[in-house]
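An account in running paragraphs, with the cut-offs of the terms used, would be welcome.

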Amino acid sequence: MMSPLATLLARGKKAARHAPWPRVAVDADAWTDAAGLLGRGECALLGLWGDGASVHMALLDEAANAVGVLTLACPDGGFPSVGAQHAPAIRLERTIRDLWGLTPRGAPDDRPWLDHGKWDGGAVIPYAFLPVEGEGLHEIAVGPVHAGIIEPGHFRFTVNGETVVRLEQRLGYVHKGVERLMVGKTLDEAAIVAGRLSGDSTVAWQIAFARSAEAALGVEVPGRAHFLRALMAEIERLANHFGDIGAVCNDATYPLLLAECGMLRERTLRAADAAFGHRLMRDRVIPGGVAGDLAPDGGDAIRSLVTFVRERFPRIVEIYDGAASLQDRTVTTGIVRPDLVRRFAAGGHVGRASGRAFDARKAFAFPPYDIVDFDTPLFGEGDVNARLWVRIREVEQSLALVSQILGRLPGGPFFVDLPRKRSGVEGMALVESFRGDCLAWLRIGADGRIERCHLRDPSWFQWPLLEAAIEGDIVADFPLCNKSFNCSYSGHDL
Amino acid sequence: MRSVFLRNLLGGPATEAAPAADDAAMAEVADAMKRSARAALGRSLAIREVDAGSCNGCELEIHALNNPFYDVERFGLKFTASPRHADVLLVTGPVTKNMAEALRRTFDATPDPKWVVALGDCGRDGGCFAGSPAIVGGVGDVIPVDLVVPGCPPRPIDILKGLIALMDGAARA
Ligand code: SF4
């Protein structure tokens with residue numbers, strides 16, 4: 001029997017040059033049926049984006065690790081709302097309308113999202129926050145400029161005493177017009193922009209972008225390039241997890257652990273600098289491979305980092321695990337229910353803390369993840385504590401991965417020239433950042449330049465869950481909860 | 001936990017473990033910092049960080065200034081929660097159209113005398129986002145800038161050096 005996704009894909013006309021997964025042009029009925037499939041949880045939504053006068057929807061059949069893209073032409077400027085049947089699509093549809101002027105018909109929320117009325121010709125109506133009524137309720141408005149060194153966004157808390165009754169987010173403040181900016185760029189130029197979608201995931205995003213370009217062009221990069229990319233990706237994961245573990249503990253008034261984790265993070269960035277010539281390893285991954293080889297003493301720098309972390313990290317974990325006052329803050333705080341995580345197909349630590357194991361490194365194991373040995377840690381409680389434990393276990397896994405990758409690093413070239421001027425080809429990639437799966441999709445035009453590129457940050461499907469997580473908790477737990485998610489504003493705002 | 005406290009107390013500062021090149025640079029910067037911050041502002045400098053559209057890369061390196069390797073609070077550099085307590089606005093990112101007003105208001109809320117540092121290639125001129133219709137431009141296109149620290153992102157040591165240069169300038173003025 002065909003899977004629901006396969007049945008759906010069979011109803012459309014297959015695009016000739018879309019790799020590695022199929023893309024089919026469907027009619028409005030099939031589109032609406034796809035939304036129904038999502039609503040019933042028979043498929044997961046990977047992405048939903050505009051492309052001139054059409055919309056694309058990427059679907060994942062989790063049981064089969066199968067991916068497919070549906071395309072609907074919108075000659076009359078609209079498409080049947082997916083959000084009407086599947087809530088995770090709502091913000092994506094609002095974005096499509098803001099950026100591409102296509103209207104989701106029958107959408108449950110017709111307010112703009114990234115458009116704050118500040119663009120030329122943009123919406124000017126004042127933004128209407130959702131009404132909340134009841135006795136003894138009041139509102140706390142925070143942002144866009146926050147008190148800490150973090151990205152801007154607006155949070156509207158409705159509280160009853162100390163308890164949060166509702167959080168409503170308003171995002172889009174750091175919208176930089178990334179997708180429009182990409183149009184007409186060469187692949188190398190566009191890769192630079194992709195690496196700045198969310199600075200903390202620069203390696204993951206540049207791998208995702210490069211892989212989508214390589215898929216479109218039918219290019220396989222040399223083994224050494226694959227390994228060096230993965231090496232950087234795991235180092236990036238380590239650095240981010242150290243930063244976030246420390247930050248969560250600090251918000252639970254444990255600055256000692258912030259200091260300890262800060263040292264681990266700094267060591268990690270210095271090893272990255274020694275090995276690849278940049279602390280964040282930015283612009284090291286390029287379409288066709290990597291921009292430079294591992295520095296002659298880079299392997300040693302990374303090995304001594306691993307030794308250092310293996311010595312220091314267990315004691316940090318021990319302190320965390322043994323401190324009742326810390327656990328009191330993190331256990332049962334900010335719970336995300338497993339069904340919500342499944343419905344939103346939330347990846348990374350947000351998904352894995354609530355029982356969703358999806359990991360792009362496992363689901364679509366490209367080299368070297370197809371030969372190295374690692375686990376995806378899984379927890380079920382869905383609270384701040386569980387998200388922290390996912391990070392802790394992932395640190396251990398990434399350390400093992402780094403050692404394996406270094407130990408098996410193949411020789412040979414680390415770059416391959418890309419064929420020039422293949423036009424009309426489309427490629428797509430899913431790559432696991434520390435935060436979750438990054439989706440990159442692009443079409444290369446006649447002159448070898450980007451005709452359309454879409455980058456869907458994992459944060460899109462995590463931000464809404466943060467609203468759910470804080471409900472019923474106290475306001476003072478929000479920073480803790482927020483840091484345990486650490487969604488990207490820039491990655492989301494595009 | 002006690003063992004970690006003891007190790008940290010008896011093991012000497014983390015900066016000692018840093019690579020030699022960085023140590024020298026750090027010591028030099030530390031000396032310069034003491035001189036200029038004292039001359040300009042007595043003991044301390046309060047900094048309000050404003051992300052006006054950054055990719056968050058610059059923020060990561062600003063954060064690093066507070067880790068035990070750099071520990072800039074020992075020079076009297078302190079990040080404040082409100083612009084009303086700030087001497088310096090440290091602004092990152094290309095200024096997006098959606099953030100321009102918030103940046104202007106933050107600037108207006110900062111009492112005189114005040115300085116503005118535009119951080120990173122984006123803060124300088126929009127960086128790789130220059131030309132996007134969704135951004136205004138660099139920080140200087142929205143509020144007056146006293147100093148630019150380029151880089152993508154600038155290294156923590158370069159941010160520190162930039163702040164010293166700013167203080168030197170302020171002391172002379
Ligand atoms: S200068 Fe670089 S790191 Fe800083 S905001 Fe711009 S792109 Fe990000």
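Along its sequence, chain B runs through the pattern α-α-β-α-β-β-β-α-β-α-β-β-α, which amounts to 6 helices and 7 strands. Helices (H or I, at least four residues) and strands (E, at least two) are DSSP runs, numbered from the N terminus. The model is a predicted one, in which local features need pLDDT of at least 70 and side-chain atom pairs count only at pLDDT 80 or more, while totals for chains, interfaces and linings use all residues. Residues are numbered from 1 along each chain as its sequence is written, chains are lettered from A and ligands numbered from 1 in the order in which they are written, and side-chain values use heavy atoms, with hydrogens and water left out.

Of the 173 residues of chain B, 57% count as buried; buried means under 20% relative accessible area, exposed over 50%, and partly exposed in between (1.4 Å probe, protein chains only). Among contacts in chain B with a separation of 6 or more, 81% are between residues 24 or more positions apart, a contact being heavy atoms within 4.5 Å.

The interface of the two chains brings 53 residues of chain B into contact with 51 residues of chain A. About 4100 Å² is buried between them, with carbon and sulfur atoms giving 59% of this area. Buried area here is the accessible area (1.4 Å probe) that two parts lose on being put together, summed over both. The rule finds 4 salt bridges across the interface, a salt bridge being a side-chain nitrogen of Lys or Arg within 4 Å of a carboxyl oxygen of Asp or Glu. Arg155(B) and Asp273(A) form a salt bridge in which the closest N and O atoms are 2.7 Å apart. On the side of chain B that touches chain A, two or more residues each come from helix H1 (2-10), strand E1 (45-51), helix H3 (57-64) and helix H4 (100-109) of chain B. H3(B) provides the largest share, 7 residues. By class, this side of chain B has 28 nonpolar, 15 polar and 10 charged residues. In this classification Ala, Val, Leu, Ile, Met, Phe, Trp, Tyr, Cys and Pro count as nonpolar, Asp, Glu, Lys and Arg as charged, and the others, Gly among them, as polar.

A residue is taken as near the ligand if one of its heavy atoms lies within 4 Å of it. Chain A is represented by Arg196(A) and Arg282(A), while the residues from chain B include Cys55(B), Cys58(B), Cys122(B) and Cys152(B). H3 and helix H5 (120-125) of chain B are the elements that give two or more residues to this shell, and H5(B) gives the largest share, 3 residues. The shell divides into 5 nonpolar, 4 polar and 3 charged residues. Pro153(B), which is also around the ligand, is joined to Cys152(B) by a cis peptide bond with omega about -15°. Pro153(B) lies in the loop between strand E7 (147-149) and helix H6 (156-172) of chain B.

In chain A, helix H3 (residues 90-100) is mostly covered, with 10 of its 11 residues buried. Among the buried residues are Arg91(A), Glu93(A), Arg94(A) and Asp98(A). Gly101(A), with a positive phi near 70°, follows H3(A).

Asn240(A), in helix H7 (residues 223-251) of chain A, is buried, with a relative accessible area of 6%. The side chain of Asn240(A) reaches the backbone oxygen of Asp200(A) at 2.9 Å. Ala275(A) belongs to helix H8 (residues 255-276) of chain A and counts as buried at 2% relative accessibility. The C-alpha atoms of Ala275(A) and Leu294(A) are separated by 5.6 Å, although the two residues are 19 residues apart along the chain.

Some backbone features of chain A remain. Most residues other than glycine have a negative phi, and most peptide bonds are trans. Phi of Met281(A) is positive, near 60°; Met281(A) is in the loop between H8 and strand E12 (285-286) of chain A and is buried at 2% relative accessibility. Phi of Asn65(A) is positive too, near 50°, and Asn65(A) is partly exposed, with a relative accessible area of 30%. A cis peptide bond joins Ala19(A) and Pro20(A), with omega about -5°.

Technical notes:
A polar contact is a pair of N or O atoms within 3.5 Å; within protein, one must be able to donate a hydrogen and the other to accept it, and residues adjacent in sequence count only if both atoms are side-chain atoms.
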